[in-house]
Amino acid sequence: MLDQAWEIRRSEPRETVRLARLALTYALPSPEKSRARLCLGYGLLRLGEFADAQTELIQALDAFSEAGDLLQKRTTSNILGMVQCELGQPVAALQTFLQVRQLSVALGLVQGEAEATNNVGLVYTSMGNHAAALDYHLRALRLGQSHGLQDVGRETLNNLSVVYYELTQYQDAWESAQASLNVAPETESSITHTSALALHNAARACFKLNHLDRALDLNRQALAIFEELEDQAAVAEVHDELGRLSQHQHGFEEAERFFRLGLQIRQQIGDLRGQAESLRHLGGLQLRLGQTQEALDTIHAARVTAEQSQAQTERCAADLALADAYRQAGQFREGFLHLEQHLLLKEELFNAASDQRVQSLQIQFELERAEQQRAAAEQLSAELQQLNSELARTHQELTVAHARTSALLEQVEQQANQDALTGLANRRAFDSAVARLQPGVQMTVVIGDIDHFKQVNDQYSHLIGDEVLRQIAGVLGAEVRLRQGDLLARFGGEEFVILMVGTDAGTTAHICERLRLATERHNWGAIRSGLCVTISLGAAVSRGGEDLTAVLQAADHALYEAKATGRNRVVVRS
């Protein structure tokens, strides 16, 4: 039973899991029980159930280590390293694969040594250390070629494609994936999963190279194989890629279908990090379609899910997506808050990655000390120095970015409260000023409306009309002596509003008359010969306790009366 489970582990992982669990229900001797856990762990890995896979594999590894079975210890450790990669434990995975490499050398297993070397490269890729990743993948490729290990060559070329993709060398990524597909497999059973990965990697490179039809075809081929293998994690990933590809081609309904399928699969297998990614892509699509609120809700869900799974990189991406969504929604403050959170988390991730790289160098140094102690120490020192330089440079860049963010926030706040044409405060600033007033305070509202402004636009052009608005803003600003709590604002169109605190009706009438005369006597002919401009003003003085709406309405009625009785007049109500 266990022999069968192990033989079909790649092609039928679900059946492997069933057989292994069935075997564990029997009273098996310790070695057989450990083999059952090994089979179960591998099957769970292929089904994307990584946490459960890790539990089974650690139990199997402990048993094989206690029994002194080095061959099974090497096999189990190799699979455990893969699971640790999927769980976001790169330092642990690196240590595991370097131990696998040493065990393979001790056992004389050239293929095992090549596979472990290849896997070390994979870990370095996940840590963003692409130079080290290329070094180990090329070592594995040379080792496989020198011993005629075709499968090692195919897998290594596939992994090189991933590294080149992350380095944005998309042509090299395509060529490596294609080279992997062109290598003849050693056995028929070894072609399926590796081929599906190569097809998917080639599709990703084609997408970036804008070979969209080819990318779509390759992804569909990969999807068919992953579905046949029941590799749910890979199926979900391809669905996400197809969604992004469809969105790029404006197939928005198809894109949404793929994103939701990927999300559903990731929910079924409990992949929270993947769910966050699918939700973020879905939110990006909704934003593209103008569904702003839906997009905000979806991306917020992505951020919450990323926090639940402690997927910091995905949370960082969600904050950036939220910043963009809020910007498009015109909610600049919220957008910049998420942008700042994105930058802070990015700094934390950089520091964590630096720590991981230091730890990885320490692990490698300890395990390879016998081979080249002096060279390893020199390399560690050089890379640590480089890390310190990168950290200092990144810290400086983040400091500058924080300063720019603060400046942008101030600029956005100013722009949000300022009328772009006249430079006066706008309606939003006026509402904020009223909201800051103490309850029951006595206030005066004056509304001024330019007389026959439509005729100015029609007769002289809208450019002249804009200049009239700018100059009348200057006239009003020069005549109104604003005190603490007072405000002059453009209310919209040709209307201006003045908020004054503690001003009685007589003073208000005097101020309004001064504004009217100043407007009438202004040299409008300097703008265009024959141009004359006057203003009508309506004012309302509260007795204290009235709300803004009532005072505004009274001022508006006063303005209407001034217009109705001939314009170029002042009417004050109290």
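Strand 2 and strand 3 (residues 495-501) run antiparallel and are joined by five bridges; strands here are DSSP runs (E, at least two residues), helices are runs of H or I with at least four, both numbered from the N terminus, and two strands pair if DSSP finds at least two bridges between them. This is a predicted model, so to speak of local features takes pLDDT of at least 70, side-chain atom pairs count only at pLDDT 80 or more, and totals for chains, interfaces and linings use all residues. Residues are numbered from 1 along each chain as its sequence is written, and side-chain values use heavy atoms, leaving out hydrogens and water.

Two residues sit between the strands, and Gly 493 takes a positive phi near 60°. Strand 2 (residues 487-492) is largely enclosed by the rest of the structure, because five of its six residues are buried (under 20% relative accessible area, with a 1.4 Å probe and protein chains only).

Now for the second largest pocket, with a volume of about 340 Å³, the space filled by probe spheres set on grid points joined across faces, edges and corners. A pocket is an open set of points on a 1 Å grid over the protein atoms alone, where a 1.4 Å probe fits, with protein on both sides within 12 Å along at least five of seven lines; lining residues have an atom within 4 Å of a point. The lining has 13 residues, with Gln 247, Arg 280, His 281, Gly 284 and Ala 321 nearest the centre. Helix 13 (232-248), helix 15 (272-288) and helix 17 (312-328) each give two or more residues, and helix 15 gives the largest share, five.

Methods. Buried means under 20% relative accessible area, exposed over 50%, partly exposed in between (1.4 Å probe, protein chains only).
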